[in-house]
2 protein chains.
Amino acid sequence: MEIISGGVTAAQGFLAAGIASGIKKSGRDMAMLYSSVPCRAAGTFTTNIVKAAPVLWDRRIVHEKGIAQACVMNSGIANACTGEEGIRACRQIAGEAGLALGIPSDYVLTASTGVIGRQLPVDIMKKGIRDMVPLLSDSEAAGTAAATAIMTTDTKKKEIAVNLTLGGRKITIGGMSKGAGMIHPKMCTMLAFITTDAAVSQPMLQKALSASVEESFNMISVDGDTSTNDTCILLANGLAGNSEITEEDSDFQAFCEGLDFVTRWLARHMAADGEGATALLEAKVIGAESRAQAKVLAKSIITSNLVKTAIAGHDANWGRVLCAMGYSGASFDPEKVDLYFESAAGKIKIIGDGVDTGYSEEEATKILSEKEITVTADIKMGQESATAWGCDLTHGYISINADYRS
Amino acid sequence: MEIISGGVTAAQGFLAAGIASGIKKSGRDMAMLYSSVPCRAAGTFTTNIVKAAPVLWDRRIVHEKGIAQACVMNSGIANACTGEEGIRACRQIAGEAGLALGIPSDYVLTASTGVIGRQLPVDIMKKGIRDMVPLLSDSEAAGTAAATAIMTTDTKKKEIAVNLTLGGRKITIGGMSKGAGMIHPKMCTMLAFITTDAAVSQPMLQKALSASVEESFNMISVDGDTSTNDTCILLANGLAGNSEITEEDSDFQAFCEGLDFVTRWLARHMAADGEGATALLEAKVIGAESRAQAKVLAKSIITSNLVKTAIAGHDANWGRVLCAMGYSGASFDPEKVDLYFESAAGKIKIIGDGVDTGYSEEEATKILSEKEITVTADIKMGQESATAWGCDLTHGYISINADYRS
């Protein structure tokens, strides 16, 4: 596997565009993704009972037919809690895109992110669709235009692509995502799009995506709030010419490995770019009896407001880590826990068998002042482990969210 | 029932003291509560797997014997994650207090709050105990000294007392508590002490307390972090001379009514004085099928960081309320929900049947700029309801917690 430059346009046959249509006061706010041939489509969506209209629209397409060829995305308005009018907007957007692209409207996915409760400006978006079609390009710049158009409070675009070989054929997997706030995915997080030119049957595509999302997007949190719009779409157009993957063979394993790299990379970068974040917080739980136990504990650490504020203050307040593990719902013996803090500045053992090792506070502060911090808890019960990603909780998060709509 | 002035010393036979012993850099940090006769003792404690030493100490006393006569409290150090040495500290503190007060050491409860992982300075505390015994008084001022000595990041002391009549006898229930951070009680919250001169059998006392805590301390959250030290103690010394309550009769109902008032008052004031808070956030869910459903939904609203920051910004960002209900785990139909915002400045219907009513943003902002905000969600499924209390999430919370230990 080789990391290459680019994102959703890196795989053969995928074109993209991103423009400023006028939904937001300024900046790009609409994107389009298009494949020159129909794709097998897999998707995972929010488990929030309150599901945005585009989630309902896409879920039907992915689960009933599993075929798609284009996706229209917008930022600024989430099209959630918008009732019948919201669904009608999806239908009109897909219809306009289908017409402009010459494909069936039920091959067109939609995705939205932004303020909940407002209706989409459908006329503005229809014009935006017509404006984007002639701009569609397989260039890296076009992929980047799309990746920036889906950003809300993100400070950095998130794009990644890899090459790998399946049965002698080079295939590419590329992806983009946006995150920043309302990030506590419970199926997949808010807007991630992954494209590949590999030939994979729809059931195997969905299987690969569902497993991959469990270990990537579902292991991050910015603020504990599971969004109404969480959507992760994986499109495979088969143009790489590999023999189609239809079972769990070595090609499937290789494909999953590439996909896992892409989803983890995107997830990790979403956590690092959480609203107001100054540091990525990685929690590793090792020595667990089961993966499930390790995951619950790791997620509880990165979700705790008190752990997150301690990281913001470069403060080795390890009691908060143990406290967060303690209320997670997973069982363990606090008096057996070893805890380590680690970063580019070094690694330090903070507690051994549940009590303070007498570590140097100065050294700990230095380690916690880096941009990427890893907290490792060894619970000494078995061989399983899990990793979760979050970020610190800062004044920036409050500033961004206390007046998001104005 | 009549609200009277005072707190834990309001009921007959209860004495208290609070001093600055030197555990903290400045201010009161040790308190003592003492009854002139042994009391029936009930208690509820944290469900966090990581339980502080005083929680283990008190739980044994309350559950094995149900009798106590004194309690020694300190702020500054939580005596959590302190292993065997932490338990030994409890034993030494109780021993010293028993000696100084002339009572058995297993009649002495202990309670601690503050930084996790540090050992208590036992010698300083033993001296503090000897200093406090001559200061013990049933005056209101002595109760207040104790109530201020248990504070950490609290900005206001929390004391309340009520009188009521049981079988022709006037009885009193008084209480104090501390809160502010690491507040998301899962059995009872960090340090609440309630005293009464009513005669109540231990099983009925525990029954009354457990039920009361469910509807008060277990319905508040400041930051979603369930503490290692959560403790609520109820002591009844019987000095009021009422005939002992031993069954669920009308006297028990009257006692519970008074107790519920005290626990809710304390819980509500703890939420309002959450770290950095500028507003109390009350969430009422009505029209629910069951109490359990209503409670899960109400707690999810007041726990959401995004709802809390919107309140901080006086922003009627109602989509976040619906989103938090949606990921709570309780089922409901988002398209049937009516939502109201209410405060001293008025009441406004924000959404009807899941969609925007076209309310005035100006009016909503005015309502959300008050010190106490109520969000009411009518889910139109039945007759049950529940209320939960939280607070806004502000820059103050970050400042307090990013560098708590220094």
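Domain bounds are those of an automatic or database domain assignment. On this basis chain A consists of domain 1 (2-272) and domain 2 (280-402). The centres of domain 1 of chain A and domain 2 of chain A, taken over C-alpha atoms, are separated by 32 Å. The model is a predicted one, in which local features need pLDDT of at least 70 and side-chain atom pairs count only at pLDDT 80 or more, while totals for chains, interfaces and linings use all residues. Residues are numbered from 1 along each chain as its sequence is written, and chains are lettered from A and ligands numbered from 1 in the order in which they are written.

Two helix pairs of chain A were examined. Helices (H or I, at least four residues) and strands (E, at least two) are DSSP runs, numbered from the N terminus. Axes are lines fitted to C-alpha atoms, for helices over the stretch in contact, and angles run from 0 to 180 degrees between N-to-C directions. Helix H1 (residues 53-65) of chain A packs against helix H2 (residues 83-101) of chain A at about 55 degrees, the axes being 8 Å apart. H1(A) is therefore oblique to H2(A); angles under 35 degrees count as roughly parallel, over 145 as roughly antiparallel, 65 to 115 as roughly perpendicular and the rest as oblique. The crossing of H1(A) and H2(A) is right-handed, the near helix being turned clockwise from the far one by less than a right angle (anticlockwise for left-handed). Residues are in contact if their C-beta atoms, placed from the backbone, lie within 7 Å. Ala53(A), Pro54(A), Leu56(A) and Trp57(A) of H1(A) meet Gly86(A), Ile87(A), Ala89(A) and Cys90(A) of H2(A). This contact has 7 nonpolar, 1 polar and no charged residues, where Ala, Val, Leu, Ile, Met, Phe, Trp, Tyr, Cys and Pro count as nonpolar, Asp, Glu, Lys and Arg as charged, and the others, Gly among them, as polar.

In the second pair, helix H7 (residues 291-303) of chain A and helix H9 (residues 318-326) of chain A pack at about 130 degrees, with axes 8 Å apart. H7(A) and H9(A) are therefore oblique to each other, and their crossing is right-handed. From H7(A), Leu297(A), Ser300(A) and Ile301(A) meet Val321(A), Ala324(A) and Met325(A) of H9(A).

In chain B, 6 strands form an open sheet of mixed pairing, in the order E13-E12-E11-E14-E10-E15. Two strands pair if DSSP finds at least two bridges between them. E13 and strand E15 (384-391) of chain B are the edge strands. Strand E12 (residues 346-352) of chain B runs antiparallel to E13(B), joined by 2 bridges, with Gly352(B) partnered by Val355(B). E10(B) pairs with E14(B) in the parallel sense over 7 bridges, and with E15(B) in the antiparallel sense, also over 7 bridges. Helix H7 (residues 291-303) of chain B lies across E10, strand E14 (372-378) and E15 of chain B, at about 20 degrees to E15(B).

The contact between the chains takes 50 residues from chain B and 51 residues from chain A. On the chain B side, H9(B) supplies the largest share, 6 residues. The residues of that side divide into 21 nonpolar, 20 polar and 9 charged.

Key
Contact = placed C-beta atoms within 7 Å.
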